[in-house]
Amino acid sequence: MLPTVELGSLQVSTHDFFTMLGLLVGVAWYYRALQRDRLLEPRIVVISVTALLGGAVGAHLLTSWEFADEVAQAGLPLTYVLTHGPKSILGGLAGGYLAIVISKRVLGYRLSTGDYYAATIPLALAIGRIGCFLAELPLGTPTGLPWGMTVSPEAAAAFPRCPGCGGPMHPSMLYEIGFHAAAFGLIWRRSPLLPIRGDTLKLYLLAYGLFRFGVEFVRGNEVQAFGLTGPQLVLIPLTALLVIHFARRLRSGAYRLPAPPAAQTARGEGT
Amino acid sequence: MTTEVDPRIAEYVRKHRERYTPEAIRQRLVEAGYPAADVDAALMAMVQEPPRHRSAWGTVLQVLLITIAVICVGALLIGAVCIALILGING
């Protein structure tokens, strides 16, 4: 496919190129939406920069433990895992979310801006996943379905582990691109999907958690325990927290706004 | 230029704007019989209100946070360059 992108005389890995492009487009979309609603201020900039840093750290940390032994055996410093190790979207989302919560608490910023991320994140992820797909990362488990895809022998040889590389595989990256593109379209056109600030983002995260849990069955990732992959094991507590959150919201009737004073009375007093 | 806002609408918006989205607040007020134009004016006026007062501690922590963030990014970059150099020498 397209392992590298040429920018003039510069040759960049396709995966890194689309990751950066996704981040830049996402940040631009986020700031534009905040500016439209006149919410862009220095604290928001600090919070979003912290979110990016938290996301970067979380993306590396979630998978780094799997390679820590190999790096130590090779005599490399453990920081090598952080700078060169694999990255996880789930770790990035969790790290970014945590960074936002902490930085908002520290800065005393109370207004929820989560809904502004609700369109930004799927947009950035859809773009980023194009890089994963074009870079021929291991696609998925073997399949006989008509849309199964193969990778070139050269690309297959470059991966330490690719159980399905001998034949057609589920194009799991395309499944993810489809999900994020659909989520972006829905949120962009219909947001906010829920009346409480920040809950549209949480709804998207819940939907992605459930979708990703299902996709992992055809993703071809290594099974870690109980027949489940590492991401699936991480997703169980995270999605459970979100399910509890929405169950509590629904049970308390929080999505029904308190009644305002009667309009007739207001008019009567005003005349 | 100032727009006169129905005080009941203003109070309702002020009370609920941190928890609920402007769209939900607008819909609830319009459903209750308030003119959409009055509700929009109130929501617009709220947006134009100056931001919440920030304490000196908030400013100090903000500066501290930016400093830590810059140091982290710098350390990551320097660390990556050092590792690349070491690997290059060894390789």
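These legends accompany several close-up views of a predicted two-chain model.

The model is predicted, so local features need pLDDT of at least 70 and side-chain atom pairs count only at pLDDT 80 or more, while totals for chains, interfaces and linings use all residues. Residues are numbered from 1 along each chain as its sequence is written, chains are lettered from A and ligands numbered from 1 in the order in which they are written, and side-chain values use heavy atoms, with hydrogens and water left out.

**View 1. Confidence along chain B.** The model scores ipTM 0.74 and pTM 0.78. Within chain B, helix 2 has the highest confidence, at 92, and helix 4 (residues 56-90) the lowest, at a mean of 66. Helices (H or I, at least four residues) and strands (E, at least two) are DSSP runs, numbered from the N terminus.

View 2. A:Thr4 has A:Ser13 as its bridge partner. Two residues lie between the strands, and A:Gly8 takes a positive phi near 70°.

View 3. Side chains of opposite charge can pair when their charged atoms come close. A:Asp199 and A:Lys202 meet in one of them, at 3.7 Å from N to O. Both lie in helix 9 (residues 199-215) of chain A, three residues apart, about one turn of the helix. A:Asp199 is buried, with a relative accessible area of 0%, and A:Lys202 also counts as buried, at 17%; the cut-offs are under 20% for buried, over 50% for exposed and in between for partly exposed (1.4 Å probe, protein chains only). A:Arg36 and A:Asp37 form another salt bridge, with their closest N and O atoms 3.2 Å apart. Here A:Arg36 is exposed at 57%, and A:Asp37 is partly exposed at 26%.

**View 4. A salt bridge between two helices of chain B.** The closest N and O atoms of B:Asp40 and B:Arg26 are 2.6 Å apart in this salt bridge. The pair links distant parts of the chain, 14 residues apart, with B:Asp40 in helix 3 (residues 36-47) and B:Arg26 in helix 2 (residues 22-31). B:Asp40 is partly exposed at 33%, as is B:Arg26 at 32%.

**View 5. The largest nonpolar core.** A nonpolar core is a set of buried Ala, Val, Leu, Ile, Met, Phe, Trp, Tyr and Cys residues joined through side-chain atoms within 4.5 Å. Of the 55 residues in the largest one, A:Tyr117, A:Tyr204, B:Val13, B:Ile25 and B:Leu29 touch the most other members. Helix 6 (residues 114-134) of chain A gives the largest share, eight residues. Leaving aside neighbours within four places in sequence, B:Val13 is in contact (heavy atoms within 4.5 Å) with residues including B:Ala42, B:Leu43 and B:Met46.

Conventions. A salt bridge is a side-chain nitrogen of Lys or Arg within 4 Å of a carboxyl oxygen of Asp or Glu. Two strands pair if DSSP finds at least two bridges between them. pLDDT is the predictor's confidence in each residue, from 0 to 100.
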